[in-house]
Amino acid sequence: MMPLFALICRDKPGALQIRQDNRADHLEFLKTGQIFIAGPLIEDGDMRGSLVVIEAEDLAAARTWAAGDPYAAAGLFESVQISEWKKVIG
């Protein structure tokens, strides 16, 4: 198994419409990667970011994959943090 990388993506304030407009393309894009888990971050009942854990050869490959996300291309994210992650429980 390749290393796992956690992508913690925070939406720009007031960008819910960008998320909604690009959601179908984003979900289709998720099928192109080695997804371990994925889902939106919820604040005050609304989607305000994403948590995606992927398998990738290295940090550079994880960054390249993240840059191809339609959400990233649409300018949805205020920030994207990518860190190697290790599953311990679950």
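## Sheet

Leu 4 stands opposite Trp 85 in β4. Strand β1 (residues 4-11) pairs with β4 in the antiparallel sense, over eight bridges. Two strands count as paired if DSSP finds at least two bridges between them; helices (H or I, at least four residues) and strands (E, at least two) are DSSP runs, numbered from the N terminus. This is a predicted model, in which local features need pLDDT of at least 70 and side-chain atom pairs count only at pLDDT 80 or more, while totals for chains, interfaces and linings use all residues. Residues are numbered from 1 along each chain as its sequence is written, and side-chain values use heavy atoms, with hydrogens and water left out.

The open sheet has four strands in the order β2-β3-β1-β4, with antiparallel pairing. Because β2 (34-43) and β4 (77-85) stand at the edges with a single partner strand each, one side of each has no neighbour in the sheet. On average, neighbouring strands of this sheet are turned by 15 degrees against each other, direction ignored. Axes here are lines fitted to C-alpha atoms, for helices over the stretch in contact, and angles run from 0 to 180 degrees between N-to-C directions.

## Helix α1

Helix α1 spans residues 16-30 and includes His 26. α1 bends by about 55 degrees at Arg 23, the bend being the angle between axes fitted to the seven residues ending there and the seven starting there. Its buried residues are Arg 19, Asn 22, His 26, Phe 29 and Leu 30, and they pack against β1, β2, β3, α2, α3 (70-73) and β4.

His 26 has a relative accessible area of 5% and is therefore buried (under 20%; exposed is over 50%, partly exposed in between, with a 1.4 Å probe and protein chains only). Not counting residues up to four places away in sequence, His 26 touches Asp 69, Pro 70 and Tyr 71, a contact being heavy atoms within 4.5 Å. Leu 27, also in α1, is partly exposed at 39% relative accessibility.

## Nonpolar core

The largest nonpolar core has 16 residues, and Phe 5, Leu 7, Val 52, Ile 54, Ala 62, Trp 65 and Ile 82 have the most contacts inside it. At least two residues of this core come from each of β1, α1, β3, α2 (59-67) and β4. Such a core is a set of buried Ala, Val, Leu, Ile, Met, Phe, Trp, Tyr and Cys residues joined through side-chain atoms within 4.5 Å.

Leaving aside neighbours within four places in sequence, Ile 82 is in contact with Phe 5, Ala 6, Leu 7, Leu 59, Ala 62, Arg 63 and Ala 66.
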